[in-house]
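I opened a notebook page for this structure and wrote down what I looked up, entry by entry.

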Amino acid sequence: MNILFVTQYFYPEEFRGNDIVFDWIKRGNNVTVLTAIPNYPSGKTYKGYGFFKKRKEMVNGVNVIRVPVITRGNASGIRLMLNYLSFVISGSSYGFYLALTKKYDCVFVQQLSPVTIALPGIVVKKIKKIPLYLWVLDLWPESLTSAGDINNKFILIFFEKIVRFIYHNSEKILISSKGFKYSICKKGDFENKILYFPNWAEDIYTQKLNYSIPPLPDGFIIMFAGNIGEAQNFETVLEISKKLKYNKEIKFVFLGDGRKKRWVEEFILREKLHETVFCLGRFPLKLMPAFFEKADVMLASLKDEEIFNLTLPAKVQAYMMSKKPIIGLMNGEGMELINESKCGYCVSPSNIDGFIECVTMMKNMNKNELQQLGENGFDFAMRYFNKVTIMDKFHRLIVSSR
């Protein structure tokens with residue numbers, strides 16, 4: 001099949017859409033990716049890329065077309081919106097050209113933020129009269145308000161109309177969290193379009209790769225890996241670490257980057273938490289298994305807002321496939337999964353005392369008890385978040401568009 005994959009983020013940027021595309025190539029399909037010049041998450045154009053560099057390239061058999069965008073920079077509100085808008089304009093323009101000159105059987109959109117990623121795909125869908133499949137990984141316009149970026153009701157109404165337009169023009173709406181169905185159905189009669197396609201853990205979490213990593217502190221390590229942003233409720237996480245600062249055996253280790261990272265570093269400095277809280281920054285994905293191996297438990301946290309209660313953070317699948325016990329600070333789908341799989345313990349986002357009780361309980365567990373929690377999570381993930389099974393489902397869906 002000839003498939004057009006539309007996303008603002010693609011290899012060498014690390015997103016799960018890469019796995020889908022490379023899997024389709026292995027199955028004998030022809031795949032073209034329409035994407036942006038890579039600049040996530042640093043906000044700077046990746047080395048070797050640019051307006052006149054590597055705009056077209058072959059990556060593992062994939063024909064990749066990169067359109068110019070205004071880089072994210074420091075991800076401030078205005079700069080981020082310019083980044084989003086520039087992809088819509090350049091992506092739609094090139095999508096128009098592709099629709100007139102190339103043959104495609106279907107369009108697949110990996111819809112992270114912003115939701116407008118889908119618009120270049122709709123241009124091609126309309127001209128070619130082919131189905132468009134939308135994989136929803138982020139809810140809009142809810143994401144705007146949850147991040148604190150925009151609260152203007154006219155802007156939110158505008159984006160809600162765009163979202164409805166995109167859903168209306170999608171053959172199928174694939175959701176990464178079951179809770180997304182509630183939000184999508186509030187926007188229109190889309191229930192019959194919705195299919196559940198969850199995230200999975202990358203292959204590296206089940207491979208035994210021996211990479212060296214920086215030394216970690218001694219003690220009972222609670223590790224967080226991922227985006228350090230507004231959604232992840234670091235205000236509460238750090239209040240907890242502040243209450244536990246005199247227990248020198250308990251160490252919090254944060255891996256990742258994001259808009260909240262500088263605030264986290266300033267809090268650690270201001271509250272003199274340098275002996276128990278460590279914000280190490282971002283590392284390549286390939287190093288994550290080595291870091292996870294050194295952790296005693298993994299932390300998943302989200303704010304107590306409707307959008308996050310409907311969301312299952314993708315990091316949870318990675319934690320489970322790594323056979324690590326999980327301690328959660330969130331409600332909704334994330335809490336339900338941790339409880340159902342018996343892979344750890346979870347409390348509501350504002351329950352500081354309850355979280356500290358869970359930390360104390362898990363710290364007092366013996367190695368076998370912690371290992372059993374990790375095994376429970378792994379078994380659950382192999383049943384419901386198995387990459388091979390999900391890839392098979394993706395391919396069957398695409399083939400059905402013939």
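Which residue in β4 is the bridge partner of Glu57? I found that Val64 is the bridge partner of Glu57 in β4.

Before going on, I noted that this is a predicted model, in which local features need pLDDT of at least 70 and side-chain atom pairs count only at pLDDT 80 or more, while totals for chains, interfaces and linings use all residues. Residues are numbered from 1 along each chain as its sequence is written, and side-chain values use heavy atoms, with hydrogens and water left out.

**Entry on the sheet.** I read helices (H or I, at least four residues) and strands (E, at least two) as DSSP runs, numbered from the N terminus, and I took two strands as paired if DSSP finds at least two bridges between them. β3 and β4 (residues 62-67) run antiparallel and are joined by four bridges. They belong to an open sheet of eight strands with mixed pairing, in the order β3-β4-β2-β1-β5-β6-β7-β8. Because β3 (56-59) and β8 (194-196) stand at the edges with a single partner strand each, one side of each is left without a neighbour in the sheet.

**Entry on two helices.** I next looked at α2 (residues 77-101) and α3 (residues 118-128), which pack at an angle of about 25° with their axes 8 Å apart; the axes are lines fitted to C-alpha atoms, for helices over the stretch in contact, and angles run from 0 to 180 degrees between N-to-C directions. That makes α2 roughly parallel to α3, a label used for angles under 35 degrees. In the contact (heavy atoms within 4.5 Å), I listed residues including Phe87, Gly91 and Phe96 of α2 and Leu119, Val123 and Ile127 of α3.

Ser113 and Pro114 are joined by a cis peptide bond with omega about 5°, and Pro114 sits in the loop between β5 and α3. Another cis bond runs from Trp140 to Pro141, with omega near 5°.

I then checked two residues that are not glycine but have a positive phi: Asn233, at about 60°, and Lys342, at about 55°.

Note on methods: Angles under 35 degrees count as roughly parallel, over 145 as roughly antiparallel, 65 to 115 as roughly perpendicular and the rest as oblique.
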